[in-house]
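Please keep the viewer open while you read.

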Amino acid sequence: MTHNRRQFIKAGVLGSAAVAAGVPEIAGAGGKRTEFKPLDILVLGGTGFLGPHMVREALRRGHNVTLFNRGRSNNTLFPDLETIKGDRDNGLDGLKGRSWDAVLDNSGYVPRHVQDSARLLADNCDRYVFTSTVSVYADYTVHNTESSPLATIADETVEEVTGETYGALKVLCEKRAAAEIDSDRLTIIRPTYVCGPGDHTDRFSYWPIRTRKGGEMIWPGSPSAVIQIIDVNDLANFTLDSVDHGISGVFNAADPAGEFTMGDLLEDSQAITGTTVDPVWISEEFAYEHELAGSRELPIWAPSTGANSGAGTYSGEAARAAGLHNRPERETARNLLSWWDCQSDERQTNMKAGLSREREVELIEAWKARIA
Ligand SMILES: NC(=O)c1ccc[n+]([C@@H]2O[C@H](COP(=O)([O-])OP(=O)(O)OC[C@H]3O[C@@H](n4cnc5c(N)ncnc54)[C@H](OP(=O)(O)O)[C@@H]3O)[C@@H](O)[C@H]2O)c1
């Protein structure tokens, strides 16, 4: 079935007004309820952090989901779903000759991989949704909207994904997807820090989990320092909305810029854990001196000066206008803690981000000596 015929059929089923306006009815977010037409959805990378939330949301809406991955991550998560085993690196054979209503490309980091899958599936799907990132932007000292300048890489054949190449490679991934898929069938979503249950980075998690231990606790910058996240379930809802309502285009996915601060995070963390900490607010200068600024030791926070001073101010307005709903960050933290408490002792004693207790004690002593 060609995508043109599929589009025609879908337009008839969804109603031409909704499709033409491109403005969805919001389902499950307090808005008008929508009955979803059951679709066949292929998820490239449905078993990591974001993927399972998208898979569950798709199933909740009554869609059929097929997974494609290598079988290395959480491979017992969805025993009842069809899983096509393969590697995006020259291993797409299992996808040949098949068609889906929509593809959620959630594991594209290397431009060649995205090109290969988008080319193979272009005529075999109605919609291709690529999960990109706000790391695509060229300058993090400014307020970035979707039309801001994008990062570049000198050698476009590089395929090694590192902290330095990640953003520019995602730009190329977006371009390769756009070269293969018509713009009215392509959705590119650029999330900021994705937070919630299943997060294996522990960047947001560190703050409420550390707060729960009480005592003196380092907090960086000032309570008014702006930060920004996107709840993983809000992102999953928007991703599925883009499929169900035919939302095309490029969208940052982030909470409203400038509204959430380190002080709010402290307050929320104390409220949901029922613990009061003794916050030790260290200055940005001190954070820089101790290589804490922009580090995994004090995650999510970005100093108001320096290369990342604009992080926390991405515009998510286009996505909100198209239906993105952001829940309160406190709810994200609460859901996260419920998940965290079900993790193994080994997992809980090996956080991937945040200060170790020893380092925190050392830093607090150094800070007190500094301001004495
Ligand atoms: N986490 C964040 O805060 C964040 C923020 C912005 C954007 N993003 C974007 O969101 C997407 C998902 O991130 P995530 O953190 O959920 O990723 P993740 O946890 O690492 O999950 C990756 C998924 O892709 C599959 N996969 C990875 N490499 C593959 C390959 N070569 N061939 C086939 N399948 C492969 C994995 O399964 P197997 O290992 O079994 O193959 C897994 O299902 C990424 O595109 C990322 O750039 C994430």
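## Aromatic rings and the ligand shell

Tyr206 and Trp207 are both buried (under 20% relative accessible area; over 50% is exposed and in between is partly exposed, with a 1.4 Å probe and protein chains only). This is a predicted model, in which local features need pLDDT of at least 70 and side-chain atom pairs count only at pLDDT 80 or more, while totals for chains, interfaces and linings use all residues. Residues are numbered from 1 along each chain as its sequence is written, and side-chain values use heavy atoms, with hydrogens and water left out.

The rings of Trp207 and Trp219 have centres 4.7 Å apart and planes at 40°, so this pair is tilted. For reference, rings of Phe, Tyr and Trp (its six-membered ring) pair if their centres lie within 6.5 Å; planes under 30 degrees apart are stacked, over 60 edge-to-face, and the rest tilted. Trp207 belongs to helix H6 (residues 206–211) and Trp219 to strand S8 (residues 215–220), so their pair ties together parts that are twelve residues apart in sequence. Helices (H or I, at least four residues) and strands (E, at least two) are DSSP runs, numbered from the N terminus. Trp219 is buried, as is Trp207. Together with Tyr206 and Trp281, these two tryptophans form one aromatic cluster.

The structure holds eight aromatic pairs. One of them joins Tyr206 and Trp207 edge-to-face, at 5.0 Å centre to centre and 70° between the planes.

Which residues come nearest to the ligand? Of the 28 residues around the ligand, they are Thr47, Arg72, Ser73, Tyr166 and Lys170; a residue counts as near if one of its heavy atoms lies within 4 Å.

| Residue | Protein atom | Distance |
|---|---|---|
| Thr47 | side-chain N or O | 2.7 Å |
| Arg203 | side-chain N or O | 2.9 Å |
| Asn106 | backbone N or O | 3.5 Å |

Taken alone, the ligand exposes 900 Å², and the protein buries 89% of that (Shrake-Rupley areas with a 1.4 Å probe). Strand S2 (64–69) and helix H5 (166–180) are the elements that give two or more residues to the shell around the ligand. By class, this shell has seven nonpolar, 15 polar and six charged residues.

Now for the backbone. Most residues other than glycine have a negative phi. Asn90, although not a glycine, has a positive phi of about 65°. Asn90 is in the loop between strand S3 (82–85) and strand S4 (102–105). Is Asn90 buried or exposed? At 63% relative accessibility, Asn90 counts as exposed.

Asp202 also has a positive phi of about 65° without being a glycine. Asp202 lies in the loop between strand S7 (194–195) and H6, and is buried, with a relative accessible area of 0%.

Finally, look at Arg327, in the loop between helix H10 (317–321) and helix H11 (329–340). Arg327 counts as buried at 15% relative accessibility, and a polar contact of 3.3 Å joins its side chain to that of Asp231.

Terms used. Polar contact = N/O pair within 3.5 Å; in protein donor to acceptor, adjacent residues only side chain to side chain. Nonpolar A, V, L, I, M, F, W, Y, C, P; charged D, E, K, R; others polar.
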